[in-house]
Amino acid sequence: MKKLHTICFIGSDKNAGKTTAFNFVYAKLGIKKINTVLLSIGVNGEDFDSLENHIKPKIVVKKGDYFVTEQNRLKELDGLYDIVKIFSPPNFKKIYVLSCTHGNLPVVLEGPNEKEEILKIKEFIGSYFDQANILLDGSIDRQFIASEEISDEFYFSLLITQRLEQIKKIKNLIRPLTYDVVIPQIKSFIKKISSDRYKTIIFDESLNIIYKGLEISFLDKNLLIKLKENAAKKIYIYLNGALTNHLWEILSPFKNLTLILDSFTQEMISNIPQFKDDTIKKLLLNKVKLSGIFLREETSKKSDIFLPENVPVYNLFREEALDEVRI
Amino acid sequence: MKLEYKSYQQDLELGREIGIFQYLELFNIDVPILPYKVLDHLGKTHAQKFYQELNLLNKAIPNLEKIMNLSKELPNLDWVLPMIEQKTINQAGLLSLYYFLKKNIELIEIESFSKKEIPSLQKLTDQIDIYLDARKGCLKSDTKIDQLKKQIQDLESSIDELSKRYENEIFNDTNLKMIYPWPKEISPDHSALEKIKKSSLLKTVKNNDHQLIEYIPPKYLTEEIAKKEKMEKIISSYYQQIISKLNMAIFKKQKIITLKYEERVKLTYQYILLFCMKKHKLILPEISKTLRFEVAEGILPAIQNKREKQYVPLNINLNKGSNVLFGANMAGKTSVLKTIYFLSFLVSLGLPVPAKKLITSIPSNVKIHLKSSGTIASNLSSFGEELDFFSKDFTAGSVVLVDELFQTTNPLAGKDLSTIFLKYFNHKNVLFFCTTQYPEIIKIKNLNLYKMKDVNQNIFNSINTLSDLLNNMPFKVEKVSGDKTYIAKEGTMALLIARHFIKNENIKQSISKKIKG
């Protein structure tokens, strides 16, 4: 096992039951005697849901477990935790504190929104513990959560409704899981040539770079020029940004193209006719280890969402309760 | 520390070209107490004082490396100081303050400054020590609190057991397996719904097309939970009292803490400058009270990095008034201007400089005009741009650098304008330095004249490309007197270069005739 193992939680929407799923997995992990660190991208664990006007489930950090939160979130909790490390500027925009609880402690988790900051925290955790599980309350808006440096395994919380917008979000989240992962040779090539600056990289089968685009892909005029110039060749396009309807319309006519998505969180396309054809082969840069799907059903009506096979599906709100898991 | 110069308005492109931003990166050191430093022109008095302090510090520090290592451990208190002022310091703020005080005392002890503040700072540290276990990063507790914490643990086990009892009662009553307090929803046609509705242990609320089950926990459970919450409140109140006491004590020392912190931030900045100065073999300039610029082996890193071993550092001595540099094409005149601009600019910011020696006044302003073909952005021709440059008044003590003075217009007007401007600046309290190709300039009295050393004419037998020529250029500045002979030589040099590189035989012959006179 790796020294650090990060389990990332993603919700398809607000109120998809992500915190409930988080608590469920946390409770299950509690049985194992490995250091556990609770970390969040942005804010999680707030008591009240202003959207639906009700009290949300809390995250209670168990005695002896660790958590990272912004220092203002610790008001009123002084004396109930040990401070292991204070993360401060210049590497961090806010002040984050890694703490260990003296007893069970309800905490609002607030972590950084930037990849570099999360990596810095992970780097410290890796140096501090011999072995640790990190439970990362992720955000679907942050593409970097899919990076191998950030997450090792995922749990999805899906809000099943009849609203088309929500269904679209779930489909966009689930669909890329069916894509194959690029072969190691291409993966290491992309890792070598890519950086956050480049939004698109086009290369051929012999791994010759054809184009590196700095502009947002669907605004990049040179991208289309390069695609046209190389339309007859079998080429790859690595995309480091959202795959939107507009971009899909640009790319879909190029039948010799293989699209490589940096992350499974990138697809943001609606059901447009071109998409249904699905003529372009799509690949993922990183393998996604999806360990479970949690459903929050607002409707009992059947939808056309196909969940991946061989992944456990839970409905904590409707199924029989599991004896071994207590909050 | 990241150095930033935000108001770099003169020319961003020039700043990039001469490597100002790259140079600032030499001072990047990860020091939490000083994450960023925004640079600005210091002004004459401030800069003089600043360099003086740096010089004294440089001589006084016994072990800069040790000091730097300790400085890196100083926590940033920018977020703690407002808490001190508002008496709202929390555990994290307290720990950071404690570490700051401890490290600051350690630093004062090895520094050669006055140590009279140590007892006062030590007293505050001791006061915090009573309540804070810094090693564990937590507030200390007494036996009573420890007992309460133990009781809470026991209550949690009891609550767990009572929750199970409650769950069993729910199951017996409704046939529904629940884990308190997990949420649960059931469909309206669920077999247990009728039983739930009749049960005193649960209630249902309609939510979309399903029923949300809510708990009605029994008294034996709620009482136990209330007992636990009460104890938690006692503990919380105990720690809040400690925090409040500490806030009062720290607030009383607010002024000295803020003062010491500001002093430490300033000192840390100076240590970083000195540390990086030694690391990158830079120097502190000697500040002259009169307007001058004398450099020995001054370096422009952007060019040095390109030319590597072939780079020739700059040696020049400029004085108040008009200074003029002649030189053949490709002899490096513009690079001289850029180097002086670069070094003067660094001095105006109070930074160490890359040179063997630099004696200079503190420039009130550093301005440079480089030849251009006009820009679309400014909507001006090259002549218009030059006039625009001169339309602004230069404050006393400015360093003004101009490449190819008035070569942007026709030669007759250019020569006249150059003469007028050089005569004017020769009597002003500025350091004006320009390059020119107008030989007539030499007639102006009391100008400081310089020229780029000529390339050895014999090299034309052994070079093929312009790059070869560049590699053989001496790139040295010579002071010259008012005699005209070298101007004629310079004209010949341009002809020699042109003859060597132009392929057309007819033109070559014509140039040869011209050289022979």
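A residue counts as buried if 20 or more other C-beta atoms, placed from the backbone, lie within 10 Å of its own C-beta. By that rule, buried residues make up 32% of the 517 residues in chain B. This is a predicted model, in which local features need pLDDT of at least 70, side-chain atom pairs count only at pLDDT 80 or more, and totals for chains, interfaces and linings use all residues. Residues are numbered from 1 along each chain as its sequence is written, while chains are lettered from A and ligands numbered from 1 in the order in which they are written.

**Chain B overall**

- Chain B has 18 helices and 17 strands; these are DSSP runs, numbered from the N terminus, with helices (H or I) of at least four residues and strands (E) of at least two.
- The radius of gyration of chain B, taken over C-alpha atoms, is 38 Å, whereas a compact globule of 517 residues would have one near 24 Å (the globule rule is 2.2 Å times the number of residues to the power 0.38).
- The C-alpha trace of chain B spans about 120 × 70 × 45 Å along its principal axes.

**A sheet in chain B**

- Three strands of chain B form an open, antiparallel sheet in the order E5-E7-E6; two strands pair if DSSP finds at least two bridges between them.
- Strands E5 (184-186) and E6 (202-207) of chain B are the edge strands, and each pairs on one side only.
- E5(B) pairs with strand E7 (residues 210-215) of chain B over three bridges, in the antiparallel sense.
- Ile186(B) has Gln211(B) in E7(B) as its bridge partner.

Terms used:
Buried ≥ 20, exposed ≤ 12 C-beta atoms within 10 Å, placed from the backbone.
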